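Please keep the sequence and the coordinates open while reading.

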Amino acid sequence: MERFHDPVLADEIVSFLVRKPGVYVDGTLGGGGHSLAFLHALHEAGYSEQSLLIGIDQDDAALDEAERTLRGNESRSVLVKGNFQDIGEIVTGVCGKKGLEPKVAGVLLDLGVSSFQIDTAERGFSYLRDGPLDMRMDSNAPLHAGDIVNGYEEKELARLFYRYGEEPRSRSIANAIVAWREKNGSVCGTKELADIIRGNAYGGEKVIKTLSRVFQALRIEVNGELDVLRRALCEGIDFLDDYSRMAVISYHSLEDRIVKTVFAEKARSDWGPKGVAMREPIVWGTVALVTRKPLMASEQETATNPRARSAKLRIIEKIPRRDQHE
Ligand SMILES: C[S@@+](CC[C@H](N)C(=O)[O-])C[C@H]1O[C@@H](n2cnc3c(N)ncnc32)[C@H](O)[C@@H]1O
């Protein structure tokens, strides 16, 4: 069987995050690769006894695979089906049951979909495989890609492909989809959709980019990916203990922009209106940027794991509330 998913930048993540015993949250469990790396690092550092790993994923197949990967670590880990936007509620619930304070020593979000999700034709994530227009990470979620492709008006489709895919040919692709619907009733699967896109993209290598961008836009809309990210980052930071860190890996510019913006907002202190001399800020920043520029995978890693090529890792550290200290 093909590998479920190779964790990206795993060595860097554990060396930046695992610095003390405590509760660690892997908000995007996937196949459990990063979680296993956390557990090994905690063991190596002698922190196992006082630590707990909480793994969250909204995909049942991911939870099953992670359970297999983490077998033997049941006493040190709790796996939860849920959305990482509810990280605070999940941490409070698990810690409450374990009699632990809901304070987190490290959080990881490795955004997007896993190789397994993309490679499974029936999930409908890939333009390379023929499958249903599904694209849901959570199989209980109400919206399918087919509802969008066959239900949205032309203008809405064009806006979606432009906004979430940054696709320059968004209008002509939306127009071609609607023309297809009028002629044939509906678009029936990923192959049919990919053929419509191919017929309306620029030629050469640009076709692949257009296919990726349109499929990305649909996936983001189906799973509300950008809407949940901001909330997860803010809640995750709220639940971090002082001097604890959050790491986020993003794979495209829309995600990375949100991560960069939220981290910068949280790091900034508010000194009030310009020209007014203040002895201290009105509001202190709550985090420090550990990485000013995103870290990228090494050539060695991208040679064996091509998915790592587009990965950008950003890390922040929670700082104690200064208004309480002074
Ligand atoms: C890139 S994969 C993570 C791979 C994982 N780090 C590993 O080592 O195998 C992303 C995973 O996060 C899950 N996911 C994405 N968005 C989520 C969300 N909002 N809430 C919970 N899980 C999410 C996906 O279902 C997928 O399994």
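The count comes to 1 cavity of 30 Å³ or more, where a cavity is a set of points, on a 1 Å grid over the protein atoms alone, at which a 1.4 Å probe fits but cannot get out. Grid points are joined across faces, edges and corners, and a volume is the space filled by probe spheres set on the points. The model is predicted, with local features needing pLDDT of at least 70 and side-chain atom pairs counting only at pLDDT 80 or more, while totals for chains, interfaces and linings use all residues. Residues are numbered from 1 along each chain as its sequence is written, and side-chain values use heavy atoms, with hydrogens and water left out.

The largest cavity holds about 390 Å³ of space. Its lining consists of 31 residues, and T28, D57, D110, L111 and G112 are the closest to its centre; a lining residue has an atom within 4 Å of a point. Two or more lining residues come from each of α2, β2 and α11, where helices (H or I, at least four residues) and strands (E, at least two) are DSSP runs numbered from the N terminus. Helix α11 provides the largest share of this lining, 4 residues. By class, the lining of the largest cavity has 11 nonpolar, 15 polar and 5 charged residues. In this scheme Ala, Val, Leu, Ile, Met, Phe, Trp, Tyr, Cys and Pro count as nonpolar, Asp, Glu, Lys and Arg as charged, and the others, Gly among them, as polar.

Angles run from 0 to 180 degrees between N-to-C directions, and axes are lines fitted to C-alpha atoms, for helices over the stretch in contact.

Within the sheet, β1 (residues 23–26) and β2 (residues 52–57) run parallel and are joined by 4 bridges. Y24 has L53 of β2 as its bridge partner, and V25 is bridged to I54 of β2. Is β2 enclosed by the rest of the structure or left open? Strand β2 is largely enclosed, because 6 of its 6 residues are buried, that is, under 20% relative accessible area with a 1.4 Å probe and protein chains only, with exposed meaning over 50% and partly exposed in between. In a regular strand the side chains alternate between the two faces of the sheet. In β2, L52, I54 and I56 point one way, while L53, G55 and D57 point the other way.

A helix pair is formed by α4 (residues 87–98) and α11 (residues 225–239), whose axes come within 8 Å and cross at roughly 35 degrees. I87, G88, E89, V91 and T92 of α4 meet A232, E235, G236 and F239 of α11, contact meaning heavy atoms within 4.5 Å. This contact has 4 nonpolar, 3 polar and 2 charged residues.

The pockets remain. A pocket is an open set of points with protein on both sides within 12 Å along at least five of seven lines. The largest pocket has a volume of about 1100 Å³. It is lined by 31 residues, of which I118, Y127, S212, R307 and S310 are the closest to its centre. Helices α5 (115–119) and α10 (206–223) are the elements that give two or more residues to this lining, and α10 gives the most, with 7. The lining of the largest pocket divides into 11 nonpolar, 9 polar and 11 charged residues.

The second largest pocket contains about 250 Å³ of space. Among its 16 lining residues, G22, V23, Q50, S51 and L100 lie nearest its centre.

Terms used. Two strands pair if DSSP finds at least two bridges between them.
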